[in-house]
Amino acid sequence: RRSASFGSLTHVHHSELDHKHHIFMLIAECRRSLLLRLNDKSVPSDQIRELLLLDFALEQQQSVILMGVRENRSWQLTEQLMALLMSLSGHSPADSELRCLYSDFLSLGQQTAGLNWQADGSHSGEEAARESALMLKSLTERATRAVGSLTDEFQSLLHPRAKYLGEQVSAPKEVLEVFVDEVLRGTSLFGIAQCLKALEPQLREIAHLPPWQIISPGNKDPASMQGR
């Protein structure tokens, strides 16, 4: 039986959510097969473009599902996060942080979400739920930093080019300012950001964390930092 920690946070009917999640994960499995083929050195070069276009179309379908249905269950959100991180790491096999992040989610993500479901209301059960929520929270914070870094990288790469090309055809300035943002909305980066946003308040509630993460200003003594 699912506990109140995760399973009963919402009382909405889940049949539509289950159906959409099932479709999302089927698409994720198709993308996994495509990415394995894309990273296979034996694949003929003339097939790469078609494989990339097919993967892009599947990525767009995942984005449509995420924007159309507001998933709010931790287990499903964790599965979706793992699927999207898999696609990101598959497209950036040289990025060691993405590979490590996906590996950690693969080994710990669903396990920690499952532990949160198993809390039985007792003190020991609540402590287990809190510990697993804290562990999952640490993974999501790493994912947030990775997404932010990649978003900044894409902005720095695409925005100057989009601005230059747009100016050549006299495109409105306000369109150029949001062009890259709209491009990113159709990618896995935006999907990951949505999943993280939905998970954040749930994890904070279960881990007994405050609603907001506050960074307090402080002073550091340079002398105290020497030798560290």
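**Note on a predicted helical model**

1. V43 has a relative accessible area of 10% and is therefore buried, since the cut-off for that label is under 20%. The residue sits in the loop that runs between α1 and α2. Apart from neighbours within four places in sequence, V43 is in contact with R37 and L51. The structure discussed here is a predicted model, and the points below should be read with that in mind.

2. The protein chain has a mean pLDDT of 80, and 79% of its residues reach 70 or more. Confidence is highest in α2, at 90, and lowest in helix α8 (residues 222-225), where the mean is 45. Where pLDDT is low, the predicted coordinates should not be read in detail.

3. Helix α1 has 24 residues. From its first C-alpha to its last, α1 reaches 35 Å, which is close to the 34 Å expected at 1.5 Å a residue. The buried residues in α1 are L17, H21, F24, I27, A28, R31, L34, L35 and L38. The cover over these buried residues of α1 includes α2, α3 and α7.

4. Which residues touch the most other members of the largest nonpolar core? They are L81, F105 and I192, in a core of 41 residues. At least two residues of this core come from each of α1 (15-38), α2 (45-68), α3 (74-91), α4 (96-117), α5 (123-168), α6 (173-185) and α7 (188-206). As general background, nonpolar side chains in soluble globular proteins tend to be buried together.

5. L34, in helix α1, has a relative accessibility of 10% and so counts as buried. Not counting residues up to four places away in sequence, L34 touches L51, L54, D55 and L58. The C-alpha atoms of L34 and G90 are separated by 9.4 Å, although the two residues are 56 residues apart along the chain.

6. R31 also belongs to helix α1. Is this residue buried or exposed? R31 is buried, because its relative accessible area is 1%. Residues up to four places away in sequence aside, R31 touches D55, L58, E59, Q62, S87, H91 and S188. With D55, the side chain of R31 makes a polar contact of 2.8 Å.

7. R31 also takes part in a salt bridge with E59, at 3.7 Å from N to O. Because E59 lies in helix α2 and R31 in helix α1, the pair ties together parts that are 28 residues apart in sequence. Both E59 and R31 are buried.

8. Q62 is another contact of R31, and it is found in helix α2. With a relative accessible area of 2%, Q62 is buried. Its contacts, once neighbours within four places in sequence are set aside, are F24, I27, A28, R31 and L84.

9. How many salt bridges does the model hold? The count is 9. One of these joins the side chains of R142 and D104, at 2.6 Å from N to O. R142 lies in helix α5 and D104 in helix α4, so this pair ties together parts that are 38 residues apart in sequence. D104 counts as partly exposed because its relative accessibility is 24%.

10. The salt bridge between E141 and K137 has its closest N and O atoms 2.7 Å apart. Shared partners join the salt bridges of K137, E141, E200 and R204 into one network.

Note on methods: Residues numbered from 1 in each chain as written. Heavy atoms only, no water. Core = buried A, V, L, I, M, F, W, Y, C linked by side-chain atoms within 4.5 Å. Buried < 20%, exposed > 50% of the residue type's maximum accessible area, 1.4 Å probe, protein only. Helix = DSSP H or I, 4+ residues; strand = E, 2+ residues; numbered from the N terminus. Salt bridge = Lys/Arg side-chain N within 4 Å of Asp/Glu carboxyl O. Contact = heavy atoms within 4.5 Å. Expected span 1.5 Å × (residues − 1). Polar contact = N/O pair within 3.5 Å; in protein donor to acceptor, adjacent residues only side chain to side chain. pLDDT = per-residue confidence, 0-100.
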